[in-house]
Amino acid sequence: MKKLVITVALALATWPSFAATSIKATVNGMVCAFCAQGIEKRISSMPAAKAVFVDLKKKTVAIEAKEGQTLDGNAIKAEITDAGYDVVKLETVQKSVEEIKAEVRARK
């Protein structure tokens, strides 16, 4: 019995942590920091949004879901469109907003 408990404990300790689920949107029409700030504010107010990152140069908006919640791509697209921008692409990624930020910074 002790061996089973130790085996289970070791398995859980080494279990891979799953990356957060995020949505990346490619957005046309963002031309200034004010545009990026407006989108970030609108998306941040959505109930399932944990973190938001807007990269003006890459025209990318990344939204991370709160733990146990799911992001609605259609609602995100509607928010961005209602703000006056064009959503060209939406994709779900298994990364946190911090991981996406790090990737963007590494490419600069």
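Threonine 26 stands opposite threonine 60 in β3. Strands (E, at least two residues) and helices (H or I, at least four) are DSSP runs, numbered from the N terminus. The model is predicted: local features need pLDDT of at least 70, side-chain atom pairs count only at pLDDT 80 or more, and totals for chains, interfaces and linings use all residues. Residues are numbered from 1 along each chain as its sequence is written, and side-chain values use heavy atoms, with hydrogens and water left out.

**Exercise 1.** State how many helices and strands the chain has, and give their pattern along the sequence.

Solution. 
- Count first: the chain has four helices and four strands.
- Then read along the sequence: the pattern is α-β-α-β-β-α-β-α.

**Exercise 2.** Find the order of the strands in the sheet, and name the edge strands.

Solution. 
- Two strands pair if DSSP finds at least two bridges between them.
- Four strands then form an open sheet, in the order β2-β3-β1-β4, with antiparallel pairing.
- β2 (49-55) and β4 (86-93) are the edge strands, and each pairs on one side only.
- On average, neighbouring strands of this sheet are turned by 20° against each other, direction ignored.

**Exercise 3.** Trace the bridges that strand β1 makes with β4 and with β3.

Solution. 
- Start with β4: seven bridges join it to β1 (residues 22-28), and the two run antiparallel.
- Check two positions. Alanine 25 stands opposite leucine 90 in β4. The bridge partner of lysine 24 in β4 is glutamate 91.
- Move to β3: it pairs with β1 over five bridges, in the antiparallel sense.

**Exercise 4.** Which strands does helix α4 touch as it packs on the sheet?

Solution. 
- Contact means heavy atoms within 4.5 Å.
- Helix α4 (residues 97-107) touches β1, β2, β3 and β4.
- The direction of α4 makes about 15° with that of β2. Such angles run from 0 to 180 degrees between N-to-C directions; axes are lines fitted to C-alpha atoms, for helices over the stretch in contact.

**Exercise 5.** Describe how helices α2 and α3 cross, and list the residues that meet.

Solution. 
- The axes of α2 (residues 33-44) and α3 (residues 73-82) come within 10 Å and cross at roughly 140°.
- The two helices are therefore oblique to each other. Angles under 35 degrees count as roughly parallel, over 145 as roughly antiparallel, 65 to 115 as roughly perpendicular, and the rest as oblique.
- From α2 come Ile39, Arg42 and Ile43; from α3 come Ile76, Glu79, Ile80 and Asp82.
- These contact residues divide into four nonpolar, no polar and three charged. Ala, Val, Leu, Ile, Met, Phe, Trp, Tyr, Cys and Pro count as nonpolar, Asp, Glu, Lys and Arg as charged, and the others, Gly among them, as polar.
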